[in-house]
Amino acid sequence: MARIERVVTSGQFTLDGGTWDVDNNVWLVGDDREVLVIDAAHDADAVLAAVGDRRVAGIVCTHAHNDHINAAAEVADRTRARILLHPADEVLWSMVYSDRSPDGPLADGDEIVVAGTALRVMHTPGHAPGAVCLYAPEPRTVFTG
């Protein structure tokens, strides 16, 4: 079973004319060989320091508010990992990355397997149109944004 690691990064969240200082959780799910990065926020160096020499199996964006994706492109470029985002959040994505698209879509019911652990994508619009949660039956965990 994969282990879960948390990295806390700090930066700013900007939306609808307001800006707030925030801390964000970046989740790493994996083992000593590979990890899935969930919500690469603010500080690519901090995320990559936690990843270490492991292969990044993918970068999942639970939604595309700037404070959840603003390190995703740099982490992807430095690891060659694919960025995954629900298509309903592409408008929010383009506010941060006008010249780059996510590498693949997330859809309700998709399954991502990392280090022998399956995470099921659940489309949970509300906080953002394309918001998703990832449910891992083992270890009975839900990752939300």
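1. In what order do the 4 strands of the open sheet run, and is the pairing parallel or antiparallel? In this predicted model, the order is E7-E8-E9-E10, and the pairing is antiparallel. Strand E7 (111–114) and strand E10 (141–143) stand at the edges. Each has a single partner strand, so one side of each lacks a neighbour in the sheet. From one strand to the next, the twist averages 25°.

2. Within this sheet, strand E8 (residues 117–123) and strand E9 (residues 132–136) run antiparallel and are joined by 4 bridges. For orientation, look at His-123: Val-132 in E9 stands opposite.

3. Gly-11 faces Val-22 in E2 as its opposite residue. The hairpin of E1 and E2 has 2 residues between the strands. Asp-16 takes a positive phi there, near 50°.

4. On overall make-up, the chain has 4 helices and 10 strands. Read from the N terminus, the elements run β-β-β-α-β-α-α-β-α-β-β-β-β-β.

5. The dimensions agree with a compact globule. For 145 residues such a globule would have a radius of gyration near 15 Å, and the chain has 14 Å. Along the principal axes, the C-alpha atoms fill a box of roughly 45 × 30 × 25 Å.

6. Buried residues account for 49% of the 145 residues. The accessible surface is about 7100 Å², with 46% of it belonging to carbon and sulfur atoms. Of the contacts between residues at least 6 apart in sequence, 46% join residues at least 24 apart.

Technical notes. Residues are numbered from 1 along each chain as its sequence is written. This is a predicted model: local features need pLDDT of at least 70, side-chain atom pairs count only at pLDDT 80 or more; totals for chains, interfaces and linings use all residues. Side-chain values use heavy atoms; hydrogens and water are left out. Two strands pair if DSSP finds at least two bridges between them. Axes are lines fitted to C-alpha atoms, for helices over the stretch in contact, and angles run from 0 to 180 degrees between N-to-C directions. The radius of gyration is taken over C-alpha atoms; the globule rule is 2.2 Å times the number of residues to the power 0.38. Buried means under 20% relative accessible area, exposed over 50%, partly exposed in between (1.4 Å probe, protein chains only). Contact means heavy atoms within 4.5 Å. Accessible areas come from the Shrake-Rupley method with a 1.4 Å probe; for residues, only the protein chains shown count as cover.
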